[in-house]
Amino acid sequence: MAEENKKVKFHMPGLRGNLPLNLLMVSLLDSFPEYFREGVAFASFFGEFPTSLWASGRFTFEDQCDADFIRLAVKSVNELGIPVRFTYTNPTITKEELEDPYCNFCLQVGDNGMNEVLVTSDILEEYIRKTYPGYTINSSTCKCLRKLEEVEAELKKDYGLVVLDYNLNPDLDTISKISDKDRIEILVNPCCRPDCPRRKAHYAHIGQLHRQVLKNRTLPPEKQEPIKTWYCEYGEKNTLFDVLDYPTVISPDDIWNVYVPMGFTNFKIEGRTGNLYNLVETYVYYLIKPEYQGRARILLYTNLESTGVLRHNKPRRGTWP
């Protein structure tokens, strides 16, 4: 079992669409701490303000956020004592694209010494370290580092955290040998199948999609290029219940009974572009004690409905006879 009073830190997905749910989870923990599993704490909200050229990992067709929303979102999260973590993990960034005004604006808004950036590209990492030295830089799982010596090499660099390749999750013999487990972050619910051979190519494709969508917005409709959608024969858009049998998915019991006692304290939940109902189920599954899951689920859905995040059509008024 986890040591008493030891924080089990979760990194939560979403800075735009999921932000109301994430803020609601913080409120739920504050109001009903007895609902939550032992030691749960929120260590960051991660993602992008779409659509960001520097981002990867997940793709959305959403329009870019206005400046006031970005300022308000960062302020709202930081006032709770939680860092915003930008997932600027596009592996295809060029030097010319370092001047992107939207991504630079986002970093300027969050440049208060509290926030973080996940990186994959060496070019982008060097630029952020030089231009925004107040950010904590973290190494992304998008690097697909599968060997112990590769993980150890990352830990020797100036990273706050190194996000483990999810394929290493079940390899307890290997990960038990990691020297600095407190600086390792483990993705607990990967939706990709184990050992997916197209993973790196998918990350590169998403980076190119962001570039293409942003370019199209500067062109008249007749000159816009069609979006090249990604098809994955290995499965995508999986729900929580579709992936529970994957050996790479870590159950709550294993988090607290295996990984935390081993020395790991940082855990990542993915789902920043996923279905909101699935994300509620995922949060409840991982964070809430089984005996309180029904109550927590109802509270979350009721609050999301009352604030207009979830909307249900009502029957049109009619007359009879």
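This is a predicted model: local features need pLDDT of at least 70, side-chain atom pairs count only at pLDDT 80 or more; totals for chains, interfaces and linings use all residues.
Local features need pLDDT of at least 70 and side-chain atom pairs count only at pLDDT 80 or more, whereas totals for chains, interfaces and linings use all residues. Residues are numbered from 1 along each chain as its sequence is written, and side-chain values use heavy atoms, with hydrogens and water left out.

**Exercise 1.** Identify the buried residues of helix α3 and the elements against which they pack.

*Solution.* Begin with the assignment, in which helices (H or I, at least four residues) and strands (E, at least two) are DSSP runs numbered from the N terminus.

**Exercise 2.** Locate the cis peptide bond and give its omega.

*Solution.* The cis bond joins Pro50 and Thr51, with omega about -10°. As for its setting, Thr51 lies in the loop between β2 (40–47) and α2.

**Exercise 3.** Describe the backbone and the surroundings of Cys144.

*Solution.* First, the position: Cys144 is found in the loop between β5 (136–139) and α5 (148–155). Second, the backbone: phi of Cys144 is near 60°, a positive value in a residue other than glycine.

Methods: Buried means under 20% relative accessible area, exposed over 50%, partly exposed in between (1.4 Å probe, protein chains only). Contact means heavy atoms within 4.5 Å.
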